[in-house]
Amino acid sequence: MLNENNWFTEVYPKNGSALSLEVKAKLHEEQTPFQHIEIYETAWFGKLMVIDGCTMVSDRDNFLYHEMMTHPVLFTHPNPKTVWIIGGGDCGSLREVLKHPEVESAVQIEIDERVTRLAEQYFPDLCSANSDPRAQLLFIDGIQWVKDAADGSVDVIIVDSTDPVGPAEGLFNQAFYQECLRCLRPDGILVQQSESPLFHMPLLTAMHQTMRNAGFPPTRTLFFPQFIYPSGWWSATMAGKGDLGGFREDAARAKSFSTQYYTAEIHQAAFVQPAFFSDFMATLA
Ligand code: AG3
């Protein structure tokens, strides 16, 4: 929503709050078969993509989200060779995944091709790895992809989705997690964006419980700032087919690529839990 002074606002009615960004121009707007997409040029955050009224990506701060959705899981897994990204149509997660030389294949499974086409046009930096020979971009339903995939066929699944309403709703239930568990190899890890620990604890608690009910023994949440998302504080939750305690710390310290937020220290710090979160985790079976 744009007001008369050209500020874009996303209102969080359940949380009695809102986020506003000053806009210089609306660059694009369309209704796809799946959702409503808007692209803005903002005053300070660079370009901004909005889907169904919700902020998705800004030039200024997407590095936080994309680095924390990818590097912690890839440096936790002992040997990640194959990666699926479910959603992630702006290609920012794909770009981070392909920074890892040990990754041999990364498949992005995005339901809405328009998200990727608009990202190529308005967020070319995020799409800079799309022509990497290890990358494959599919425009199909991620839920169906996982259902159809063979047992033990992937090392890491990254669920980089919108909020759990609309097309993404089916990515947050037990049936989907069971299929992911089946598709993962023995050391495999699933990581999913898990909303705000301040605003969305019911979702986070349900996610841990549902992942465990689906048969994932360990689950763990990591925390990071993300200014343009509700409350400015965001999370990702991992579920492991095996252990989640591993951290290839030497590899993270010696990484051959640059990052703006992720470091070995950030990796460890991101898993440190606020007291209210530890209290909740202690209640899990
Ligand atoms: N995925 C998480 C977006 C959630 C934002 N929610 C909101 N603004 N209400 C972003 C996709 C980036 N690749």
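Let me start with helix α6, residues 201–213. With 13 residues at 1.5 Å a residue, α6 should span 18 Å, and its end C-alpha atoms are 18 Å apart, so the two agree. The expected span here is 1.5 Å times one less than the number of residues. Helices and strands are DSSP runs, numbered from the N terminus, with helices being H or I of at least four residues and strands being E of at least two.

Before going on, some ground rules. This is a predicted model, where local features need pLDDT of at least 70 and side-chain atom pairs count only at pLDDT 80 or more, while totals for chains, interfaces and linings use all residues. Residues are numbered from 1 along each chain as its sequence is written, and side-chain values use heavy atoms, with hydrogens and water left out.

Back to α6. Its buried residues are M201, L204, M207, H208, T210 and M211. Buried means under 20% relative accessible area, exposed means over 50%, and partly exposed is in between, with a 1.4 Å probe and protein chains only. An α-helix has 3.6 residues a turn, so residues three or four places apart point the same way. The cover over the buried residues of α6 includes α5 (174–183), β10 (184–193) and α9 (275–282). After α6 comes G215, with a positive phi near 115°.

Next, the domains. How is the protein divided? Into domain 1 (7–58) and domain 2 (62–281), with bounds from an automatic or database domain assignment. Their C-alpha centres lie 23 Å apart. In contact, meaning heavy atoms within 4.5 Å, are 24 residues of domain 1 and 21 residues of domain 2. The two domains bury about 2100 Å² between them, 69% of it on carbon and sulfur atoms. That is the accessible area, with a 1.4 Å probe, that two parts lose on being put together, summed over both. F34, M56 and V57 supply 25% of what domain 1 buries against domain 2, more than any other three residues.

Between the domains the count is 1 salt bridge, that is, a side-chain nitrogen of Lys or Arg within 4 Å of a carboxyl oxygen of Asp or Glu.

Last, one residue. D151 sits in the loop between α4 (142–148) and β9 (154–160). D151 is exposed, at 55% relative accessible area. Beyond its neighbours within four places in sequence, D151 is in contact with R182 and C183. The C-alpha atoms of D151 and L184 are separated by 7.0 Å, though 33 residues apart along the chain.
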